[in-house]
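Subject: Structure handover

Hello,

Here is the structure I promised to pass on. Please open it and keep it beside you as you read.

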Amino acid sequence: MFTKIIFFIIGFSLMVIGFSYIFIYSNLLSFGYSIKEYLEYLITRYECWYFVVGLIIIIVIIFGKGKNNGKCI
């Protein structure tokens, strides 16, 4: 149970970091970038992939099967 909480916190932290970079890079749209160019730029930046990695970690933690050991929670 404790490891799930730790992985959830790590996933959430990665999502926050990644989303903050996505938000910061949204200023490129005001410089004349199109949506397609903006998304292509986001794909090339590893900081923005933190959002995707964090989201995958959280989905696995929430919906993944864990050891129950016969205990009712």
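Below is what was found, from the overall layout down to single residues.

Please note that this is a predicted model.

Overall layout

The protein has three helices and zero strands. Read from the N terminus, the order of elements is α-α-α. The protein has 73 residues, and 18% of them are buried. Its accessible surface is about 6000 Å². Carbon and sulfur atoms supply 73% of that surface. Contacts across the sequence are also worth a look. Take those in the protein with a separation of 6 or more: 67% of them join residues 24 or more positions apart.

Helix 1 against helix 3

Two packed helices are described by the angle between their axes and the distance between the axes. Helix 1 covers residues 2-25, and helix 3 covers residues 46-63. The two pack at an angle of about 150°. Their axes lie 7 Å apart. Helix 1 is therefore roughly antiparallel to helix 3, since angles over 145 degrees count as such. The crossing of helix 1 and helix 3 is left-handed.

Two residues to look at

Start with leucine 14, which sits in helix 1. Which residues does leucine 14 contact, leaving aside its neighbours within four places in sequence? They are Tyr50, Phe51, Val53, Gly54 and Ile57. Tyrosine 50 is 36 residues away from leucine 14 along the chain, yet their C-alpha atoms are separated by 5.2 Å.

Now go to isoleucine 57, in helix 3. Residues up to four places away in sequence are again not counted. On that basis isoleucine 57 touches Phe7, Gly11 and Leu14. Isoleucine 57 and methionine 15 are 42 residues apart in sequence. From C-alpha to C-alpha, that pair is 9.6 Å apart in space. Is isoleucine 57 buried or partly exposed? Its relative accessibility is 22%, so isoleucine 57 counts as partly exposed. The cut-off for buried is under 20%.

The salt bridge

How many salt bridges does a search of the whole structure find? The search gives one. It joins the side chains of arginine 45 and glutamate 47, at 3.3 Å from N to O. What about the accessibility of the two partners? Arginine 45 has 27% relative accessibility, so it counts as partly exposed. Glutamate 47 has a relative accessible area of 7%, so it is buried.

Best wishes

Key. Residues are numbered from 1 along each chain as its sequence is written. This is a predicted model: local features need pLDDT of at least 70, side-chain atom pairs count only at pLDDT 80 or more; totals for chains, interfaces and linings use all residues. Side-chain values use heavy atoms; hydrogens and water are left out. Helices (H or I, at least four residues) and strands (E, at least two) are DSSP runs, numbered from the N terminus. Buried means under 20% relative accessible area, exposed over 50%, partly exposed in between (1.4 Å probe, protein chains only). Contact means heavy atoms within 4.5 Å. Accessible areas come from the Shrake-Rupley method with a 1.4 Å probe; for residues, only the protein chains shown count as cover. A salt bridge is a side-chain nitrogen of Lys or Arg within 4 Å of a carboxyl oxygen of Asp or Glu. Axes are lines fitted to C-alpha atoms, for helices over the stretch in contact, and angles run from 0 to 180 degrees between N-to-C directions. Angles under 35 degrees count as roughly parallel, over 145 as roughly antiparallel, 65 to 115 as roughly perpendicular and the rest as oblique. A crossing is left-handed if the near helix is turned anticlockwise from the far one by less than a right angle, and right-handed if clockwise.
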